[in-house]
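Here are my notes for you to read with the structure open beside them. Take the points one at a time and find each residue as you go.

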Amino acid sequence: MKPAAPLLPLLPALVLLPMALVLPGLLHGGGWELLGAFAAAALHPSGDPLVLGSLVGGLGTTVGMALLGWAMSLLLGVPLGLLSSRLLWRSLVGTALPAELVRRLLAVPRSIHELIWGLLLLQLVGQQPAVAVLAIAIPFGALVARVVSDLLDALPERNLQGLLAAGTPAPAALLTALGPPLLPGLISYGGYRLECALRSATLLGVFGLGGLGNELLLTLQSLQFRELWSGLWLLLAVMLSLEALVSALRRRWSMPARLALERRQPVGRSSRELVLAAAALVPLLLGVGRALAVDPAALLHWESLPPLPTGGWQAALQLPWLTLVGETVLLTTLAAALAVGGAPLLLLLVAPWPWGRWLLRLVWALGRLWPPPLTALLLLFLFKPSLWIAALALGFHNLGILGRLLLEGVEAAGPEREDALRSGGSGARLALLYGRFSGLARSYLAYGAYRADVILRETVVVGLVAGTGLGSQLRESLSAFAFDQLALLLAAYALLTLLGEDLSDRARRALLRP
Amino acid sequence: MPARERWTAVALGLSLALGTVVLTPSLRPAAAQASRPVLRISAIPDQNPEKLNRLYGLVAGELSRQLSVPVKYVPMTDYAAAVTAFRTGDLDLVWFGGLTGVQARLQKPSARVLAQRDIDVSFRSIFIANTRSGLQPVRTIDGLRELRGRRFTFGSENSTSGRLMPQYFLAQAGVKPSQFAGGAPGFSGSHDATIALVQSGAYEAGAVNEQVWRASLHNGKASRAKVMAIWTSPGYPDYHWIAQGNLDARYGQGFTAKLQKAILSWRPSDPEQKVILGLFGAQQFIKATPGEYKRIEQVGREIGKIR
């Protein structure tokens, strides 16, 4: 029997059952007092000007790294996206072969998480402000390239063929026919990437690449919770303002939302505002680069790696690969199920209460805000280290991202059907389920499939803390400067994420098929 | 040209002009720095950054006064990053731990071992436990077997006194890291963090460096009612100053010897130097030789941190 469409998004939440069975066994409760102190400190963040000064400085660095990394990823991604567009090559030279080649090549930088890029670059060029910027720009650039080429290749070709048939030169025809329809999707996606860049920059900081993340980790490690909360509240304010700004601009310029039910036509787009915003960005970025002392030339200052011991490769091959990969896959599945299934379940649970949604919004914002390794460290106050704890931390973070998206979709879906069901006597939860979820179910799950793919990449982040999967081995190999092990680990990660990407693509196509 | 396009053009022009203005001055300081080479010193981040900033700020000032060269402290956020920065030549003089020092010299064979503290000749690790854990002080190394099945945390992955040697002594007692509760030890990140986590009960036991443990008892960060020492390890060589091999070429003949002499000359009789030595937990610095760290290298290889 096939479950009804609105119930589909709830199915992954079944993962809560085994969780409820396993977690009590892992509870050691040694740190209840600490957790209490942590929670209490939320209401009494430190107001010490010295602390605040250093936090604001760190925040500035984080935001600056995010901005620069984001801008560079767009600069890299848009041309690479054009290069990997089948349509473009077909129109210009008659064959799509080069596009396929570029696509394959770009899959590698994309498959490796920005944190790994950061830690690797740190090994190669030393501690430089430019490292974090580049670490964000490389995988993000490859992601932007993929989205640009997918957007391009999905555009209707009619206008282009018309122009070409009328004898317009190919470059001019491409620009005229594809430029304007590409822009809204690109800008909407670009805004989303900026939000991602802020989260990534914070995370990179946690691992010592500069900025607020490092202060968050240090205050947590030294149990200075009031200072920790000052930093978290500051970061929350910045994150929420950025999200509000991006979504306001998206609405103002009539760009498509990410989980849109219908694609709105970009009418009345204010091109002048767009150009002005872009123009304002140039001096801003240069100023930020200068303030952070980002020196691109420092990246060229490579130092050869230390020599590898003989027999190192042999030893590297003998790592427990099967266990490492198995743990990574299990971690991904658990975290993805928690995040995808948790969001609609929580929304349904709080449906009867008007304040419920606001509470959820706050919890989800905190989920997005907290880098997963920090959540994992907090959980270790109460639980023994285990794969489940890592999954919980990773799931919570992604729940914050998916939940916000689902709520946006639900609120944009229009109240008619829900109202009709309510006036027909249905309860608040049923009305929400059948009135709003049913239309969204497929596109939400499709986005969930994409998110699972992102989660697979992110396992490295909690693996480093919770001692699970490829991520934990990565940390050991990095600190032992075992570059042979590192190379194999990276290859394993790349292979795994490419497989995952393929799977999630298939799932998405199947879900979105009309 | 319609008004809106003119506006756009003006804005673009302005932004480009502003961009050049912002960019140009950034080139000047770099040129000025080239004539006066700054001696860049650093240390592995084994304690809270406030403490490190204070200590190495003082060290930079003292060295600058004695050697008449500008000295700058560059904070590091990670043990491995300090080793890498030394390899890439971004640091000239670093206060390394036993393990990181060996790693750094293996990656940069020209490096010179300059000095260690009087306490580093025979440095010790302390195993600590939460008083409510039921763990009791043990007499012999075999007593460490009590730690099987307990929640246990090391300091940083690359710490000599907070990970390498404790893991070595645990192995001698027959305790593998996978035998701790949850199948793995924690890595708190620093000695201060280990003390705080064990004291709170989040971990039942941990291993820290003796000098930080004593300092924490002394300044009240560690409360005897909540956390206690259960075993003190035998001594082993630990922290030391390592300098780049090319300092003579960059600062003039004999500079490395002058640098070593300056560090060895610090005495508690000088008020400034007394504060520095106090923060280091030492009476004075003494000469160190690479040979003393052979044992650390060997243990590092056994545990897989040196290859």
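1. Look at contacts in chain B with a separation of 6 or more: 78% of them come from residues 24 or more positions apart, where contact means heavy atoms within 4.5 Å. Chain B exposes about 12800 Å², and carbon and sulfur atoms supply 55% of that; accessible areas come from the Shrake-Rupley method with a 1.4 Å probe, and for residues only the protein chains shown count as cover.

2. A word on what you're looking at. This is a predicted model, in which local features need pLDDT of at least 70 and side-chain atom pairs count only at pLDDT 80 or more, while totals for chains, interfaces and linings use all residues. Residues are numbered from 1 along each chain as its sequence is written, chains are lettered from A and ligands numbered from 1 in the order in which they are written, and side-chain values use heavy atoms, with hydrogens and water left out.

3. Now find helix α8 of chain B, residues 210-218. Its buried residues are B:Glu210, B:Gln211, B:Val212, B:Trp213, B:Ser216 and B:Leu217. They pack against β4 (112-117), β5 (125-130), α7 (191-200), β8 (205-209), β9 (227-232) and α11 (271-280) of chain B. What caps the N-terminal end of α8(B)? B:Asn209 does, with a side-chain oxygen 2.9 Å from the backbone nitrogen of B:Gln211. After α8(B) comes B:Gly220, with a positive phi near 85°.

4. Two residues have a backbone angle worth a look. B:Ser68 isn't a glycine, yet its phi is positive, about 55°. You'll find B:Ser68 in the loop between α3 (49-67) and β2 (71-73) of chain B. A:Phe481 isn't a glycine either, and its phi is also positive at about 55°; this residue lies in the loop between α20 and α21 of chain A.

5. Next, where the chains meet. The contact takes 48 residues from chain A and 50 from chain B. The area buried between them is about 4000 Å², with carbon and sulfur atoms giving 57%; buried area is the accessible area (1.4 Å probe) that two parts lose on being put together, summed over both. In chain A, A:Gln127, A:Arg272 and A:Phe481 lose the most area to chain B, together 14% of what that side buries.

6. Across this interface the rule finds three salt bridges (a side-chain nitrogen of Lys or Arg within 4 Å of a carboxyl oxygen of Asp or Glu). The side chains of A:Glu33 and B:Arg132 meet in a salt bridge, 3.9 Å from N to O. Several helices of chain A each supply at least two residues to the side that touches chain B, including α2 (32-43), α12 (271-291) and α21 (483-512). The largest share, 10 residues, comes from α12(A).

7. Last, A:Leu151 in helix α7 (residues 129-154) of chain A. A:Leu151 is partly exposed because its relative accessible area is 26%. Leaving out residues up to four places away in sequence, A:Leu151 touches A:Leu182, A:Gly185 and A:Leu186. The C-alpha atoms of A:Leu151 and A:Leu399 are separated by 27 Å, and these two residues are 248 residues apart along the chain.

Technical notes: Helix = DSSP H or I, 4+ residues; strand = E, 2+ residues; numbered from the N terminus. Buried < 20%, exposed > 50% of the residue type's maximum accessible area, 1.4 Å probe, protein only. Polar contact = N/O pair within 3.5 Å; in protein donor to acceptor, adjacent residues only side chain to side chain.
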